[in-house]
Amino acid sequence: MAHIKLAQNKVAELKEVCKKFNNDKGELINVLHAAQSLFGYLPAEVQEVVANELNVSIAHVHGVVSFYSFFTMIPKGKYPISICMGTACYVRGAEKVLNEFKKLLDIKVGETTPDGVFSLNSLRCVGACGLAPVVTVGEKVHGRVAVEDVKSIIEEYKNDKE
Amino acid sequence: MAKDKIQVLVCSGTGCRASKSDEIVKNISQAVIENDIDKDVQVIRTGCFGFCEKGPIVKMVPDNTFYVQVSPDDAEELVAEHLVKGRKVERLLYENPETKERISDSKHMDFYKKQIRIALRNCGFINPENIEEYIAKDGYMALGKVLTELTPEKTIGLLIKSGLRGRGGGGFPTGLKWELTRKVKAEQKYVVCNADEGDPGAFMDRSILEGDPHSVLEAMAINGYCTGADRGLIYIRAEYPLAIERLKIAINQAREYGLLGENIMGTGFNFDIEIRYGAGAFVCGEETALIHSMEGLRGEPGVKPPFPSEKGYKEKPTNVNNVETYANIPPIILKGADWFASIGTEKSKGTKVFALAGKVNNVGLIEVPMGITLREVIFDIGGGIKDGKKFKAVQTGGPSGGCLTEKHLDIPIDYDNLIAAGSMMGSGGMIVMDESDCMVSMAKFYLDFTVEESCGKCAPCRIGNKRLYELLDKITEGKGTEEDLFKLRNLANVVKDTSLCGLGQTSPNPVLSTMDNFPEEYEAHVKDSKCHAGQCTALMQYIIKEDACTGCTLCVRVCPVDAISGERKMAHFINQDICIKCGACMEKCKFDAIYIA
Amino acid sequence: MDKIKLTIDNTLVEVEKGTTVLEAAKLTGVDIPTLCYLKLEDTAFENTPGGCRMCVVEVEGRRNLAPSCKTQCEDGMFVSTHTPRVVNARRTVMELILSDHPFECLVCTKSGKCDLQSLAQDLGIREIHYQGEKSTYKGDESPGIIREPEKCIMCRRCETACNDVQTVGTLSALYRGFGSVVAPAFEMDLDHSSCTFCGQCVAVCPTGALIERDNTWKVMEAIMNPKKTVIVQTAPAVRAALGEEFGYEAGTLVTGKMVSALRKIGFDYVFDTDFAADLTIMEEGTELLERLNKHLQGDKNVKLPMLTSCCPGWVNFFEYHFPDMLDIPSTAKSPQQMFGAIAKSYFAEKMNIDRKDLVVVSVMPCLAKKFEAARPEFAVDGDPDVNVSITTRELAQMIKSANLNFDALKDDDFDRPLGESSGAGVIFGSTGGVIEAAVRTAYELHTGKTLEKVDFNELRGFEGIRSATIDFDGLPINIGIAHGLGNARTLLEEIRAGKSQFHAIEIMACPGGCIGGGGQPYHHGDVSILKKRQIAIYQEDAGKPIRKSHENPYIQNLYKEYLGAPCSEKSHELLHTNYFAKKKKIEIE
């Protein structure tokens, strides 16, 4: 496991968050949500800070982090791509769309491209079944995505980079 | 409230927002100002109208004109024509697919005709971010009635009499559940709203929270009064940012209006609500797992009993109900148990919200009376199967449910009938499948989901589902044997019989129901290595029609594995042992000489 | 108590309300198989996650099979424990568990003592019908404990031991679903974690997922090397448990056979850690009296209570969890390390052996002793004072490997001078024993009087936290005792809060003390085994001609010839140590 150094001001902010939740271990999940939005992900070091502040073991924190799919220990790409694999999207071809993303980005689900631009995930139902199959890039929802559209979606954001 | 103003209701549910409904609101508002009619027109973002297939939707009130598939570019025309000149914009009205007639009022559309809206009564009608609009629709009157006119016992009695059952999937009578918590003596009790909607393909809870959050807050307060709890917690998926935002606004407004907090309506009743976030674990829909998650633990379920009504959140008596269940409660209090009980079947009263999706023409969120048939839902409301294909199956109950077929189309939908048919109500996902859907693949899809969502606590669910998935995978790969079918059934039964919580106890249902209803499909995969739906890639064969092939060799050049051979200008041949079924040859062939068998 | 009547396998049984079906069945003579379930009576250990589903039974009126360990009896219940449906379910679930388990039984440390293996045999599993992917994890080979997570069946016993009982918090369930496993955070190695190596996880693990590091081959290598003189020390708790490995009733003392076996295995000298325990009492007792006297003279800087320091699991615990209190425990080394230090100085000099050619092996009931022996501060120029530490189980293994007929071994005596001990040294093996031994000596040194009765029954027992006040001729000395690290934490937190009334506290990491150590023969959940070992320890003490450490003539001689006096400069150099805060600081940019 690569060790990273956390920025002092962010650690101070994280400790502030814990304090806001009364350093109550019952609030662990709320704290982790806040920590993830602060750091973008939950590296081991962040989990250690949280464990110390809430007075629980690091193993307990990691046990919780690794249980819930929303939490990630891998930094997400600048443009996180999620393919809805809810049933409605699945029956309308989401799996093929996902495979196309995997192929074109050359990464697996849960990974980030080496340049840090894209990360790929599948999620379960965003509640836009009328638009199935649905792909979200960051906050933006792309509906009725066909395999042929995948390339242009990637290009759209790739070009946006510059 | 400016009652005399014309209201422009713009759907701002997740689906319509994904189709730029925010921009529509912006453009309409701007056009309203430009046309100098902003004193007479109010633009309102509402929750989901349900007809997601035709979104984004814009509705004009009071004349109830229902515009579909509106784009931001249409805003100017809508304002200039409809609002300024009073002329309907024909091209944006819904077109009846059969008669081609344009329909202006949604109540005349087949999609809405058979619906009865109780839980969704306000969705699409009010601005969810304005408490006054909820109050104007009799909001918080039920709470007022309960606090001033009814005792907890009477209120619970009324709920029992209404026949309301839990809408989260289990179908436990809501009134009885409240009574269990009420009877336990404790200093502190909690009421919880389960908004961890995790069924892939169901989004009714989200729509209610986005479209009518106060109905849930009001019902939770009533629940608190009846069970003796002064604290409520809403456990909601973190993946629902809009619903969370609207809930926060609603809670703050309710506090400002004295409808939450200390001494509500001057009756001495205290009740307040907090939000807790889920973090992506389907199993947290199970109430003991949900409680563990709220306590900052891994969301592993516990063995019941003890039930949460005795020992729940922080070991205190806790009553957990789902969003849709709560949304039903205020109307029951106001209109009475008899009114509610008059809707539905003998043992399942009221309505149920379904997320109708899949291969059906009208995808959307619908609320129908219990007792309606699947046929009515799929063909009348849903408008039949997409692209003129043939109906094959409908899956209800999500990963816990089963696939029903043609022969089940006319049974009245209720909790017990669905279970008897080998499926279940679940939270209300309803996925329609056509002839191109392979049932083995469908079962595999659901198992893939349960494997990913199993918490890992008990062995049958942790390992059993994985093995079920692997067996199904083997079958879709054309490598299954007849013995595998026996194994599949035995394992499915054991996982169902021995798993710790509802997840594992129901996860084999998609396997068992497809095995029961489509045995020939499993046999075809195993005995003949055939997938008649043409979905299982491994069982497909790309074949070159000898008479159509010109021998241009284009396919030979694109084939990544050199599976195609033949003389130039002569018919070619695909070696099936080498072919990886990538489809590149078929794509390239200019003479349509390659087909899938 | 309310009584309930129910039928189990057609037998009517009456039980108290709150009884589980599993317990009720036992009353009717039906032993329902269990795997994850484990309750240790009279300790804080209770693991009933209801996860393995081996104990499922049919309850009339219920749709699904019910886990008998978590199902409470109800009036009129009708239970069947071995219908075909039940048996098929158990067998199928067992096949599932085995389908995700390595087939290494022939070479697995746990073979023959494995709960999973024996249950699979009982169920008659001969074929695994459900094969598929197996889970893989990062393994761990730390000095004391080896983790083989592929063998983990998620019974959660270790997690309960580590968190609920020991409050160490090293292990947790990680990930979810098929990938879930119990491991330290981020699957880090145990020696980088908060692990104390108390070994209680190993003691309860039903499979080979958690085992001791096997050092038996290292021992054999040393014995086979003609240049080396190999000596062995045996801890007091070993002799009270070793017999179990050879079919003897728990609590049978096998001291003589053990010595005899060690000689036959090839050790050059067979010594006794009890000798070093007597030495510990001299040092620790003197230190206590020094602190006590300073305190009585009004010295505000003196730290009281003084805590014992002979348990290495406990030392690891406070170094990690109470780094602000490192000056409270006695600085005296543990008996294992005192033995090593004396062997490699006094004994080596006496025998004229270069310390590098002297190999000290210890036989311990403990896994933390392996870690302790490897601590860098317990080595001189890289040569450890104790070269190799093995457990009671490993010794039994060596005896079996050597094909010795344990039954037929005649009783032998330890070698001199490091083999002679008092009864006070023996009772180190049980909770309360160290402090009782200390009291015997401290009383006499402090008062100058001879004890009429050396048995302090008020200090003995099995309760997790005990206390007693001993009258030191008019001076009341308050003594606390805790065994199990969770109990230790309670007393430590009292001290931290300034609320502790004790002058001295004895702490042992394992339930029951060393007799319940992580390296002892597996108890398989039977706490009465620990209690029988405890009785044996006190029996050995009672039978000893010398009962007090300071009366051990070889100890007296050691001070006269070599050390001078207890807590002298030489003693400090050889027999005392320092403690180090273990938790690493989080790096900040």
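## Basis of the model

Because the model is predicted, local features need pLDDT of at least 70 and side-chain atom pairs count only at pLDDT 80 or more, while totals for chains, interfaces and linings use all residues. Residues are numbered from 1 along each chain as its sequence is written, and chains are lettered from A in the order in which they are written, with ligands numbered from 1.

## Chain C with chain B

Chain C brings 28 residues to this contact and chain B brings 26 residues, where two residues are in contact if their C-beta atoms, placed from the backbone, lie within 7 Å. On the side of chain C that touches chain B, the most comes from helix 2 (residues 84–99) of chain C, with 7 residues; helices are DSSP runs of H or I with at least four residues, strands are runs of E with at least two, and both are numbered from the N terminus.

## Two packed helices

Helix 18 (residues 459–476) of chain B packs against helix 2 of chain C at an angle of about 70°, and their axes are 9 Å apart; axes are lines fitted to C-alpha atoms over the stretch in contact, and angles run from 0 to 180 degrees between N-to-C directions. The two helices are therefore roughly perpendicular, a term for angles of 65 to 115 degrees.

From helix 18 of chain B, the residues that make the contact include Ile463(B) and Arg467(B), and from helix 2 of chain C they include Val93(C) and Leu96(C).

## Chain B with chain A

Here 36 residues of chain B are in contact with 32 residues of chain A. Helix 1 (14–18), strand 12 (351–358) and strand 16 (429–434) of chain B are the elements that give two or more residues to the side of chain B that touches chain A.

Note on methods:
Angles under 35 degrees count as roughly parallel, over 145 as roughly antiparallel, 65 to 115 as roughly perpendicular and the rest as oblique.
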